[in-house]
Amino acid sequence: MAAASSSDSDSGRAESSEASSKWLDAHYDPMANIHTFSSCLALADLHGDGEYKLVVGDLGPSGQHPRLKVLKGPTVLTESPLPALPAAAATFLMEQHEPRTPALALASGPCVYVYKNLKPYFKFTLPQLPPNPLEQDLWNQVKEDRIDPLTLKEMLEGIREKAEVPLSVQSLRFLQLELSEMEAFVSQHKSKSIKRQTVITTMTTLKKNLADEDAVSCLVLGTENKELLVLDPEAFTILAKMSLPSVPVFLEVSGQFDVEFRLAAACRNGNIYILRRDSKRPKYCIELSAQPVGLVRVHKVLVVGSNQDTLHGFTHKGKKLWTVQMPAAILTMNLLEQHSRSLQAVMAGLANGEVHIYHDKALLNVIRTPDVVTSLCFGRYGREDNTLIMTTRGGGLIIKILKRTAVFVEARGEAGPPPAQAMKLNVPRKTRLYVDQTLRERDAGTAMHRTFQTDLYLLRLRAARAYVQALESSLNPVSVTAREPLKLHAVVQGLGPTFKLTLHLQNTSTARPILGLLVCFLYNEVLYALPRAFFKVPLLVPGLNYPLETFVESLSDKGISDIIKVLVLREGQSAPLLSAHINMPVSEGLEAA
Amino acid sequence: MYDILVISSMKNLMCYCSRIVVTCEHNAKGENLIMTPLSVKICSPAQEFPILEKQNWLIHLHYIRKDYEACKAVIKEQLQETQGLCEYAIYVQALIFRLEGNIQESLELFQTCAVLSPQCADNLKQVARSLFLLGKHKAAIEVYNEAAKLNQKDWEICHNLGVCYIYLKQFDKAHDQLHNALHLNRHDLTYIMLGKIHLLQGDLDKAIEIYKKAVEFSPENTELLTTLGLLYLQLGIYQKAFEHLGNALTYDPTNYKAILAAGSMMQTHGDFDVALTKYRVVACAVPESPPLWNNIGMCFFGKKKYVAAISCLKRANYLAPFDWKILYNLGLVHLTMQQYASAFHFVSAAINLQPKMGELFMLLAVALTNLEDPENARRAYAEAARLDRCNPLVNLNYAVLLYNQGERKGALAQFQEMEKKVRLLKDSPSLEFDAEMVEMAQKLGAALQVGEALVWTKPVKDTKSKHRSASASKAASLQQPLGSNQALGQAMSSAAAYRKLPSGAGGTAQPIKPPSLPLEPEPATGAQPTEAPAQIRETQE
């Protein structure tokens, strides 16, 4: 919290002194046309020439034309279309041989495309999932024409209801069909074996057996069927398989596969599961009660951004260390690692167009960007060690270089009082008039009080008299007599010259219906014409609202309006039960004409 | 309820799905969506079915980034491709509907999801959540129970069940469920809800226990810290209250509730300047808070800036016209300013809103005495004496009025009543009587010839009273001749700090000068303003 509040002053400082900024603006292209996520960005020395390139798995402007782009400096080196949207991109060393050029892996759909020297090298496809044996059996029977489509449908529905293993797409599609379409569908598809295929949702790399920077790494894949797979870097066989309670979204790995490793997987159910080498199931679980939007490991701390605009720090055993409130929603997160100063920090791209850099809960730096940053990546680019690459929502590309002299200093631990404390309270000043009145009240308070009280009594008396008079002459729209408790409410609709007048009459008694009521309109016949000025009301059932409609024609063309009185009468009585005065609106239809 | 739901939605499944498809078809201008048998025949027999979950990850990424437009576009595309079979796309679509406030639509979509995969507890949880948001708590409970069968160890189900039971006022069941939730996994929210149950049942001690545990579990949660502080404040454990409020302010120096509560405690101790500086922060963040302006007003009152006090209180009153505490304070300040007619209006307005408080009637009586209406003043005092349980001032003031009117007998009765209350109050250790009140009572006792009142044996803190009289020396010049009603009013303004009444709510002390006592020709009246009933409203929330 303290850090969050100091962010204002800090960012203010960053803005005020562009010269003292820690970053050099290397490149900004608002029209770079790169639409991607942080997981699809990777920096690597792809050609082994010491010149680091940026690999972008680009989703295309509206997720339509996925492309693999490789950037060198500010320019696009190569660009090749992809068969499906890329979910993640990673670079890794496949083997020990020289030259040690890293391979590029791109996860897309059910496949991982591996490129070497930017040439397609290998395509790994996730193994098919085992189909439901019952389902398989049913389709086999269909194949031999032993059951008809209708039975098949019933049986499949039964399986869907109970089975642990979900149905294949073929069966699900079949269940959707109309009776008439079933036959054709079955005859077309019965010969095919049913398949269940899953897709890759996330991917990361894990060192195989050495902790070195340039050691051979395995690929770790998260799949839609709630599994984690570790692939062998040379043979692309599955080395290990772990299952999760939910679908993984972000992965964070530390350690080596052959020695010991820890895997943190942020999942779609809002939990983060932590697994270790020998555990097939999660060892620890962090329940966020919100959706994670990013997962970054800083040394031994797992930093998680949630979609409730907070950044949390957790230990490897799932114990919460700290929480920082962000000024806006977090869109993306990534690690900032400055090897020269052995600094590790978390970068968070926020929806207000800022990138905040945190070391634990201390805010180190704020970068303002011209557009909302949607993906972030920090590392060696070209020949520059500390480069920050950002892409924006509008498809822009921003490249900044960290100055070599720049040192991130943590904001003061103890934040001073909030700036609002120095503001003056807005208290109105006393006026001459106020002082005069106060003095007068002091002098003549008693007299004022007495006069007021007398007038108040008089006012109350008058009000009471008027009320009694109204009650006596039934001038009110609610009748409270024991025999006819009634409520009247009138609505006028229309612009004129013809209006629609609707009387809503309601019998408010609990049980007794009312019969024999009459409605009468009193109006100026020069101004208005009504088809019926006097009619009978049907029997009123208690509680129901009876709308009685009538049309009113305005005769005057002078834009005059008048009052129409509505009287509700009882047959055989001259005094009305209740009455209403309707203020008619001016006829606008005539005015316009 | 639930069974029916699912069955009905089972039947409706086709139409939901087809409806989705239809909308997609419409948007895609009818391209490649035609799944009539004809088109199937045209397709090669080797036609592959698309993978249903192909773009789930993309939908999810857009969803968590709150980029709902992009998310909807992908969902539409996905549903179009899979003919409405992609469960996750429907699920997220439903979540977005719910965020947009279309709860009914979201409920229907969640039910569709529940049909597509009946074994998934998550879908049922969302169905229940939507039912809960629609206010159908009983139905929600049934669906949650159904979900609990599928997933035994989910704290969220237990927690939400607990919350549903709270709304149904079945606190025992709610209590059990929330404890289950805590057992499965501890979350701040569960603690808050559990504390709420105890508060609803009026069990402050248990609520404090819960919040203590919660603070232990998550020591940086300012909401928990503030609530715990306010609870301590309500119980009068000021040391601990201040500690927790202070902690809350360390983590969040702009916490509105904590500042207000801490400020009101500072006011109680007379630290008006410090309290005012703290209030500035709130005034910036929540400029339209009635309790804030009330407290600021009473700070100014404490600093004897009466005009500023009145303008702040009037602002508070404008923002919350039906808050009797603000009206009470306005009445008090106007009495101090000798604006008795205005005071009368504010106090009588307060009485209309809060007719059960003795002190209000006492203030009304003081105003009426000064407006030369002793008849009504007596009636007001009688009402005040009837309602009040523990404030000896009410009886003392009443006795003074009766004495002034020459009714020694009635005065004596009230005096004895006052002594009784004083004896009761003496037992509470934190209490100290105001020096002026003691003095006044002693004088009245002498005048009524009841001898030395032994009730006052508990020594009044000398330092404090000395300080008072010193600070009040200026006000002595305003003194009117004793015995007149003016003098009585003047005495009203010399109400002194007397906050720690067991009754708690805005105790005000107002020792009144004994009228026409020949013994004392010129008393040094301290125009010591009342330490205002600093209002701690949040405690009640």
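Leu544(A) sits in the loop of chain A that runs between β34 (534–537) and β35 (545–554); helices (H or I, at least four residues) and strands (E, at least two) are DSSP runs, numbered from the N terminus. The model is a predicted one, where local features need pLDDT of at least 70 and side-chain atom pairs count only at pLDDT 80 or more, while totals for chains, interfaces and linings use all residues. Residues are numbered from 1 along each chain as its sequence is written, chains are lettered from A and ligands numbered from 1 in the order in which they are written, and side-chain values use heavy atoms, with hydrogens and water left out.

Back to Leu544(A): its relative accessible area is 46%, so the residue is partly exposed. On the scale used here, buried means under 20% relative accessible area, exposed means over 50%, and partly exposed is in between (1.4 Å probe, protein chains only). Together with Leu515(A), Leu539(A) and Val541(A), Leu544(A) makes a nonpolar surface patch of about 340 Å². Patches are made of residues with over 30% relative accessible area and no salt bridge; like charges are joined within 9 Å, and nonpolar side chains (Val, Leu, Ile, Met, Phe, Trp, Tyr) within 5 Å. Accessible areas come from the Shrake-Rupley method with a 1.4 Å probe, and for residues only the protein chains shown count as cover.

Next, the charged pairs. Side chains of opposite charge can pair when their charged atoms come close. Searching the whole structure turns up 29 salt bridges over all chains, a salt bridge being a side-chain nitrogen of Lys or Arg within 4 Å of a carboxyl oxygen of Asp or Glu. In chain A, Glu79(A) and Arg67(A) form one of them, with the closest N and O atoms 3.2 Å apart. Glu79(A) belongs to strand β5 (residues 75–81) of chain A and Arg67(A) to strand β4 (residues 67–72) of chain A, so the pair ties together parts that are twelve residues apart in sequence. Glu79(A) is partly exposed at 40% relative accessibility, and Arg67(A) is partly exposed with a relative accessible area of 29%.

In chain B, Lys125(B) and Asp154(B) meet through their side chains in a salt bridge of 2.5 Å, N to O. This pair links distant parts of the chain, 29 residues apart: Lys125(B) is in helix α7 (residues 121–133) of chain B, and Asp154(B) is in the loop between α8 (137–150) and α9 (155–167) of chain B. Lys125(B) is buried, at a relative accessible area of 9%, and Asp154(B) is buried too, at 10%. They are also part of a network of salt bridges that links Asp122(B), Lys125(B), Asp154(B) and Glu156(B). Elsewhere in chain B, Asp388(B) forms a salt bridge with Lys421(B), the closest N and O atoms lying 3.1 Å apart. Here the distant parts are 33 residues apart, with Asp388(B) in the loop between α22 (374–387) and α23 (392–404) of chain B and Lys421(B) in helix α24 (residues 408–426) of chain B. Both Asp388(B) and Lys421(B) are buried.

As for chain B overall, there are 27 helices and zero strands. Of its 541 residues, 56% are buried. The accessible surface of chain B is about 23,100 Å², and 54% of that belongs to carbon and sulfur atoms. Among chain B contacts (heavy atoms within 4.5 Å) between residues at least 6 apart in sequence, 59% join residues at least 24 apart. One loop residue, Asn255(B), lies between α14 (238–251) and α15 (256–268) of chain B and counts as buried at 12% relative accessibility. Leaving aside neighbours within four places in sequence, Asn255(B) is in contact with Thr222(B), Thr226(B) and Leu249(B).

His449(A), in helix α6 (residues 432–472) of chain A, is buried with a relative accessible area of 5%. Not counting residues up to four places away in sequence, His449(A) touches Ala341(B), Phe344(B), Leu368(B) and Leu371(B).

Chain A also holds an open sheet of four strands, in the order β22-β23-β24-β25, with antiparallel pairing; two strands pair if DSSP finds at least two bridges between them. At the edges stand β22 (330–338) and β25 (362–368) of chain A, each with a single partner strand, so one side of each is left without a neighbour in the sheet. Within the sheet, four bridges join the antiparallel strands β23 (residues 343–350) and β24 (residues 354–359) of chain A, and Val346(A) stands opposite Tyr358(A) in β24(A).
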